[in-house]
Amino acid sequence: NDRFGHIHGDELLRQLAQRLCQQIRESNFVARLGGDEFVIVFDDLHVGSAMEELQGVLQRVHRAVENPFFLNELQDSPILVEMSMGLALFPGDGQTPEELLRGADFAMYQIKNRKFVRHRWWALTSDSLEVPAPETPFDLFGQEADELLKL
């Protein structure tokens, strides 16, 4: 968006979504959460062999992203993008969709923060050094808000 504008950014996101959908089984699905964040839900992974089953699909997903994108009027200029992915496996990394998303998001940000020193582009929630704490509601009129306003 910053370099080529929103129209081209939207086109890149559409192309990326199409590529991701082509790399997974029909029983799985891809959804855009917002901005440039996507979630991929893999169905029917076996608990004992989930990582082995995911290895091939992770390679295909990465290839789909690392291949250049060509956008409308910019056809002569290939666009290269990078990716970071957080993975959460049910039931070990969470029991609810919210817990799984929070864990995957946390793992993604940890791998993103190590972008220049990492040995892989994805991380498991269980690889994380810290466990993400559940988000607690913030009371805009509570004591914590009063303390923050005093700063």
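**Close-up views of a predicted model**

**Figure 1. Surroundings of Arg 19.** Beyond its neighbours up to four places away in sequence, Arg 19 touches Ala 64, Val 65, Asn 67, Pro 68 and Phe 69. The model shown here and in the other views is predicted. Arg 19 is part of helix H1. With a relative accessibility of 19%, Arg 19 counts as buried, because the limit for a buried residue is under 20% relative accessible area.

**Figure 2. Overall fold.** The protein contains 4 helices and 4 strands. Read from the N terminus, the order of these elements is α-β-β-α-β-α-β-α. Along the principal axes, a box of roughly 55 × 45 × 30 Å holds the C-alpha atoms. Of the 151 residues, 33% are buried. The accessible surface amounts to about 10,700 Å², and carbon and sulfur atoms account for 54% of this area. When contacts between residues at least 6 apart in sequence are taken, 46% of them join residues at least 24 apart.

**Figure 3. The largest nonpolar core.** In soluble globular proteins, nonpolar side chains tend to be buried together. The largest nonpolar core of this model has 22 residues. Leu 20, Ile 40, Leu 58, Val 61, Met 85, Trp 121 and Trp 122 have the most contacts inside this core. Two or more residues come from each of helix H1 (6–22), helix H2 (50–66), strand E3 (85–87) and strand E4. Helix H2 gives the most, with 6 residues.

**Figure 4. Contacts of Met 85.** Which residues are in contact with Met 85, leaving aside neighbours within four places in sequence? They are Ile 40, Leu 58, Val 61, Met 108, Ile 111, Trp 121, Trp 122 and Ala 123. Met 85 itself is among the residues with the most contacts inside the largest nonpolar core.

**Figure 5. The salt bridge in helix H1.** The structure holds 1 salt bridge. Glu 11 and Arg 14 form a salt bridge, and their closest N and O atoms are 3.5 Å apart. About one helical turn separates Glu 11 from Arg 14, because the two are 3 residues apart in helix H1. Glu 11 has 17% relative accessibility and therefore counts as buried. Arg 14, with a relative accessible area of 48%, is partly exposed.

Figure 6. Thr 125 is placed in the loop between E4 and H4. Is Thr 125 buried or exposed? Thr 125 counts as buried, because its relative accessibility is 11%. A polar atom of the Thr 125 side chain lies 3.5 Å from the backbone nitrogen of Ala 104. Apart from residues up to four places away in sequence, Thr 125 touches Leu 87, Ala 88, Asp 93, Gly 103, Ala 104 and Ala 107. Between the C-alpha atoms of Thr 125 and Arg 19 the distance is 25 Å, and the two residues are 106 residues apart in sequence.

**Figure 7. A nonpolar patch on the surface.** The patch is formed by Phe 138, Leu 140, Phe 141 and Leu 148. Together these residues have about 500 Å² of accessible area. Phe 138 lies in the loop between strand E4 (122–124) and helix H4 (143–150). Phe 138 counts as partly exposed, because its relative accessibility is 41%.

How values were computed
Residues numbered from 1 in each chain as written. Predicted model: local features only at pLDDT ≥ 70, side-chain atom pairs only at ≥ 80, totals over all residues. Heavy atoms only, no water. Patch = residues over 30% accessible without salt bridge, like charges linked within 9 Å, V, L, I, M, F, W, Y side chains within 5 Å. Areas by Shrake-Rupley, 256 points an atom, 1.4 Å probe, with all protein chains shown as cover. Salt bridge = Lys/Arg side-chain N within 4 Å of Asp/Glu carboxyl O. Buried < 20%, exposed > 50% of the residue type's maximum accessible area, 1.4 Å probe, protein only. Polar contact = N/O pair within 3.5 Å; in protein donor to acceptor, adjacent residues only side chain to side chain. Contact = heavy atoms within 4.5 Å. Core = buried A, V, L, I, M, F, W, Y, C linked by side-chain atoms within 4.5 Å.
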